[in-house]
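Me: Could you walk me through how to read a core and a pocket in a model like this one?

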Amino acid sequence: MKLYQLHSKQAFPISRQKAWAFLCNPANLKVITPDHMGFHILSGADRPMFPGQIIQYKVSPFPGYTTKWVTEITHVKEGEYFVDEQRFGPYALWHHKHFIKDIDGGIEMEDIIDYKIPFGLLGQLAHPIIVKKQLKQIFSYREKKLTELFGTLETVPNKLSLKSF
């Protein structure tokens, strides 16, 4: 069983409260998801995040393929972090940790996603060609959209890495 991890860090010249207000609103996920993915929230985004919250989406990760994605918010520490886990969707495993911390001049947002591709060896072969490429594209888009919304801290470089175990 091969596991993968995406790790992303961005810094913004905003308060922790402003960052948290944006991140804890599930409806904002659509704002930071590329339009070509056909992302649409079906249910569960009618209130700020809380442990046990179930959010259902429809997404088209690839042209011609649409799937439902159901996540549960499993952990929340207000103003600091939350965790979402896939309950049903395109991955065999999806565990996404979102952290916010104060730094000089603003905050740092950090995402750590541990995931597994379905379909065994076939999925592992598809990872570098399709999945890894798409995840990099999605997080590059998020970086761009968040920078448009909040600006950037030039003194702290953004980081994005993907690795396997």
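This is a predicted model: local features need pLDDT of at least 70, side-chain atom pairs count only at pLDDT 80 or more; totals for chains, interfaces and linings use all residues.

Reply: Residues are numbered from 1 along each chain as its sequence is written, and side-chain values use heavy atoms, with hydrogens and water left out.

Me: Which residues have the most contacts inside the largest nonpolar core?

Reply: In soluble globular proteins, nonpolar side chains tend to be buried together. A nonpolar core is a set of buried Ala, Val, Leu, Ile, Met, Phe, Trp, Tyr and Cys residues joined through side-chain atoms within 4.5 Å, where buried means under 20% relative accessible area with a 1.4 Å probe and protein chains only. Here the largest one has 35 residues, and Tyr91, Met109 and Tyr115 have the most contacts inside it.

Me: How is the largest pocket lined, by class?

Reply: Rolling a probe the size of a water molecule over the atoms shows where empty space is left. A pocket is an open set of points on a 1 Å grid over the protein atoms alone, where a 1.4 Å probe fits, with protein on both sides within 12 Å along at least five of seven lines, and lining residues have an atom within 4 Å of a point. The largest pocket has a volume of about 950 Å³; of its 48 lining residues, Trp69, Tyr91, Trp94, Leu135 and Ile138 are the closest to its centre. By class, the lining has 33 nonpolar, 10 polar and 5 charged residues.

Conventions. Buried means under 20% relative accessible area, exposed over 50%, partly exposed in between (1.4 Å probe, protein chains only). Grid points are joined across faces, edges and corners, and a volume is the space filled by probe spheres set on the points. Ala, Val, Leu, Ile, Met, Phe, Trp, Tyr, Cys and Pro count as nonpolar, Asp, Glu, Lys and Arg as charged, and the others, Gly among them, as polar.
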